[in-house]
Amino acid sequence: LLNGTAPVTLEPGQVVCGEQTEEVSRCVEVIYTVSSIVEANDTSSKGCEDELELVFNILPPFTLTPSAEPSSAPTGSPTASPTASPTASPTASPTGSPTASPSFIPSSSPTASPTSSPSAGPTVLPTSSPTISPSIFPTSSPSKRPSSKPSNAECVIEADFICSSNIAFRPCATLSPPSNPRCSELATPIISLSFSYQSDSTCSDSLNQQGDAAECADLQPLVDGLVNIGCSDLFGTTYPVAPTTVGPDDVFTAIVTNSPTKVNCTISSGGSVLQWNTIDISGGVELDLKEKYGALQVEACNDQICTYQLEFTSEFTNLGSDIMNITNATRVLDGEVKDFLEDLNREGSLPEYQIGVGDSASYAEGGINVDTCTTSSFLYSTFGEGNPPDGEDCEASDDFAISFNPQCVVSLEIDCVYLETGVSCQDIPPVDLYECDCVDPNEPDQTQYRPKQLQFGYTGGKCPPQLDVGSGVISCDDQINDPLPDTVHISATLVIATFFEGVVDKDDYFLLERDNVTNFDILNVVDFVISDPNDNNVIFQTFRLQTGCGATDSTGIVLDQPYASLTFFGFRCQDDVANFCFSDVRFDQKAINDGVTDIDITRSDLTFQGQTTDLLNGAVIPLNSGASVVNSATETIKVCGAASYTASGLVEANDTSAIGCSDVATYTFETQERASNPPSQQPSEQPSNSPTETCDIDIALECEGCNVTTNDIPPCLDRPTMFGMLFFGGNCSNTFSLQLPNQTNCTDFFENGAIPEPGSNETSYIMAVIGLGLWTEGNATLFEGNVRQSTVYYIYRNGNRLPSDTIVYTFPEVAENDIPQPGFFPDPQLYPPLQIVEFHASCSQPIVLFNQFGAHQIIQFENAAQGNVTILEATELNYDISVPITFPTGEDTIRVSSAQLITNYTVPRLVTIPISGTLLCSEEVAADPATECNTSEIAVSFGVTLNLAVPQTYSTTLFVVGRTLNSGQLCTGLEEDEFCAPTNDPICEEINQNLG
């Protein structure tokens with residue numbers, strides 16, 4: 001039908017029509033079949049197609065001439081005239097030819113010979129008038145008896161229906177799975193969200209990718225019946241919801257009117273909230289169709305729709321020549337039969353079940369959910385029967401069929417963790433200490449200077465031509481002239497202590513550790529024996545290594561340097577200070593089902609350094625829509641020196657579409673060059689002419705923005721919708737507030753045990769409920785759950801204003817198996833109360849952040865007038881780093897190699913300042929426009945969030961490494977800065993004064 005023209009481009013929901021005219025014959029009975037196929041391509045390059053078949057038939061023609069034999073029914077027209085009258089009795093013998101018409105009364109005996117043709121079988125009495133015309137088709141047998149009067153009624157019924165969806169621009173025939181299941185990637189803000197109510201899903205059944213950005217709370221058991229739905233933003237602005245009452249699997253839609261970051265929806269029954277969900281719809285956090293948030297499953301966002309509601313109007317029309325009785329009206333929906341004869345709406349004013357010529361009877365049925373995101377077929381059929389008052393029955397049917405076959409969508413993410421410190425592989429610090437040094441001047445016990453671990457690799461080298469005087473190989477003996485073999489047995493001992501013994505291949509590394517049998521630590525001297533792996537008496541090499549790791553009068557052996565047949569690759573001290581050239585990283589490969597249909601993960605491979613690992617190990621992992629699975633592999637890298645590493649991942653999945661899906665991802669990171677070159681093993685050929693001059697970078701840290709106080713935190717001016725409560729810990733003596741004494745109350749139950757103290761990190765079970773005796777056990781609470789001391793929990797009422805009085809119960813930590821049903825206290829025999837606190841929450845009594853009621857401190861509130869007010873102060877720290885430099889002779893400029901901040905308040909703790917390659921010089925040189933260098937300062941700025949609930953000390957250390965521009969001499973500088981915040985706290989005032 002395209003006739004070879006260019007392809008036709010269709011947007012989602014668009015339709016294109018083609019037509020072709022053919023001739024058919026109406027003069028013979030014949031069945032015609034028409035087949036149609038359409039094919040299309042899209043950006044997936046996989047394409048799609050569909051085909052249909054239409055079958056229709058031409059009815060047989062009218063009989064043009066009468067048959068040679070009489071019909072079994074009366075003739076189509078009367079005889080010329082009736083016979084005069086029957087004879088009184090049969091004739092004595094048959095006539096020579098049959099009479100023109102049959103006798104009125106049959107003869108008493110058969111004729112002597114049969115007539116040349118059978119008699120016409122006349123009626124007992126002639127009809128009053130002949131029929132108008134012969135019947136279209138002869139009957140297979142004679143009619144039982146002609147009607148008492150002529151009949152001209154033809155029964156013809158037409159069945160048809162109209163299908164419409166709840167989306168006006170989506171006709172039923174064009175319904176298809178959404179083109180993009182990811183709502184968070186829509187080009188426009190989300191203005192409408194549709195969910196289905198899954199009555200069997202609690203918060204633990206959530207399947208989505210929002211993590212902590214989404215919240216869910218089960219307050220009471222869900223009901224398998226009608227529930228009420230309400231949605232709002234976090235400030236209590238309600239959104240239109242339709243319908244507001246739904247049953248299991250029913251769909252409702254919320255119209256979002258003000259582009260909020262998050263939307264909160266509650267499920268209620270009988271006035272009690274059963275569950276609430278907070279979902280991020282900002283677009284910055286992933287939100288996908290078919291994800292589950294507790295009992296809410298995402299069915300649509302804007303025009304990306306999974307579930308449609310259809311309405312079918314079945315219509316039966318009388319196309320015959322007389323009135324018609326409707327005798328049967330049924331529909332079949334996915335195998336379910338329904339009789340709707342009693343519910344027909346008829347045109348005209350005829351008696352029940354009758355419709356006139358040209359009139360119709362119809363039946364409308366709505367609320368039929370169709371899920372395009374599920375692989376399925378949908379069939380709706382309608383069937384009707386009717387008859388005229390004196391004619392034959394007739395029937396007709398019509399149906400609507402459509403299939404949905406959504407293709408799976410899987411995405412792959414790779415993350416990497418440096419296992420030595422737990423930081424991201426992007427933040428692996430350079431190895432800045434190459435000498436093995438476990439000496440701690442602040443540790444008087446010199447036995448603590450001994451290394452806990454030493455790492456070596458077997459390289460097969462010979463004894464060095466010159467032995468070391470200090471640390472290094474102090475004795476060595478090659479006992480064979482040939483090169484050492486690729487596989488050897490190695491023992492590392494000292495007297496009776498064995499630190500390592502085993503077979504090692506070339507380029508493999510091994511670890512020396514404390515001998516737990518003799519309780520010997522690794523001392524400064526280790527004896528190595530390299531021997532035949534099959535016969536340890538065949539010795540290839542022996543040498544003694546003085547490590548110097550715990551020596552106070554000499555330097556230690558150096559990382560990545562050879563010592564006889566071994567190379568030193570790392571150490572760990574007793575205090576866990578460590579540097580290793582070879583260290584492990586863990587790749588976490590996360591496969592996410594971003595589609596709308598369930599899938600099976602059939603392949604998950606990770607390739608690193610040319611080696612591919614099957615992370616599934618042959619298994620198949622089922623993955624529901626919105627769910628994810630993480631598979632991990634541990635690999636070893638070398639961090640001594642600059643190198644680039646890349647891991648690539650592949651994931652494949654199957655689904656019910658039989659097409660499958662896949663995704664790939666890569667992760668690349670680099671290790672950094674060491675800050676300085678290690679000293680050479682051997683002395684230089686001749687001493688230098690003069691001692692090496694130092695190059696020191698004198699750093700002065702001056703922090704702007706560190707003067708953070710609590711003076712600017714406003715009091716509460718309107719009744720809150722939320723309190724953020726810090727479980728500070730401690731008994732009722734810690735209570736501090738501006739509320740009247742009769743508005744607050746705190747009781748400790750010391751006989752039941754002690755409440756966790758500040759700094760203990762112990763856990764208690766906390767319940768917050770409505771005060772003034774308005775709450776009884778079994779009703780919804782404001783909060784309930786185990787809370788660790790020093791962490792924050794939230795008193796919340798589904799976006800509504802909090803009650804005027806609030807009671808907080810504190811119990812011992814409740815074991816997982818003993819956690820009570822929502823709204824109920826824990827078992828008082830096992831978990832008696834430790835403290836009960838009551839305070840006023842309406843703002844008629846002062847509410848100020850830092851107010852504390854027993855063990856609970858208010859650090860955050862939210863209301864309609866002020867929004868979110870918190871003591872988690874977001875601030876920007878600005879460090880002006882002046883760097884006067886003590887230059888060697890003939891130098892006035894350095895080039896920065898690296899600059900890093902180490903803090904106790906940022907994530908990650910190690911912050912790399914992107915100034916590598918920057919030129920630094922003295923102020924005089926920087927002021928000279930003729931010089932290449934123009935700066936003697938570094939400005940560093942970064943945003944942080946400081947917790948002002950308790951006074952804390954924040955420390956910053958800056959380490960800068962560079963080299964002089966001409967000679968390349970190493971220059972280093974290190975400076976520390978500390979401040980305590982909030983600075984107006986008495987404790988911080990004293991600390992900051994001591995810090996200067």
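What is the handedness of the disulfide of Cys 306 and Cys 373? In this predicted model, the torsion about the S-S bond of Cys 306 and Cys 373 is about -85 degrees, so the disulfide is left-handed. Cys 306 lies in the loop between strand S15 (304-305) and strand S16 (307-318). Cys 373 lies in the loop between strand S21 (360-371) and strand S22 (376-387). The pair therefore ties together parts that are 67 residues apart in sequence. The sulfur atoms of Cys 306 and Cys 373 are 1.9 Å apart, and both residues are buried.

Cys 172 has a relative accessible area of 3%. Because buried means under 20% relative accessible area, Cys 172 counts as buried.

Another disulfide joins Cys 416 to Cys 425, with an S to S distance of 1.9 Å. The torsion about the S-S bond of Cys 416 and Cys 425 is about -55 degrees, and the disulfide is therefore left-handed. Cys 416 is buried, at a relative accessible area of 1%, and Cys 425 is buried as well, at 0%.

Cys 17 has a relative accessibility of 73% and counts as exposed. The cut-off for exposed is over 50%, so Cys 48, at 47% relative accessibility, counts as partly exposed.

The strand arrangement was also examined. An open sheet is made of four strands in the order S25-S24-S36-S40, and their pairing is antiparallel. Strand S25 (423-424) and strand S40 (628-638) stand at the edges of this sheet. Each of these edge strands has a single partner strand, so one side of each is left without a neighbour in the sheet. Within the sheet, strand S24 (residues 410-418) pairs with strand S36 (residues 582-593) in the antiparallel sense, over nine bridges. Leu 412 has Ala 591 of S36 as its bridge partner.

Technical notes. Residues are numbered from 1 along each chain as its sequence is written. This is a predicted model: local features need pLDDT of at least 70, side-chain atom pairs count only at pLDDT 80 or more; totals for chains, interfaces and linings use all residues. Side-chain values use heavy atoms; hydrogens and water are left out. Two strands pair if DSSP finds at least two bridges between them. Helices (H or I, at least four residues) and strands (E, at least two) are DSSP runs, numbered from the N terminus. Buried means under 20% relative accessible area, exposed over 50%, partly exposed in between (1.4 Å probe, protein chains only). A disulfide is a pair of cysteine sulfur atoms within 2.5 Å.
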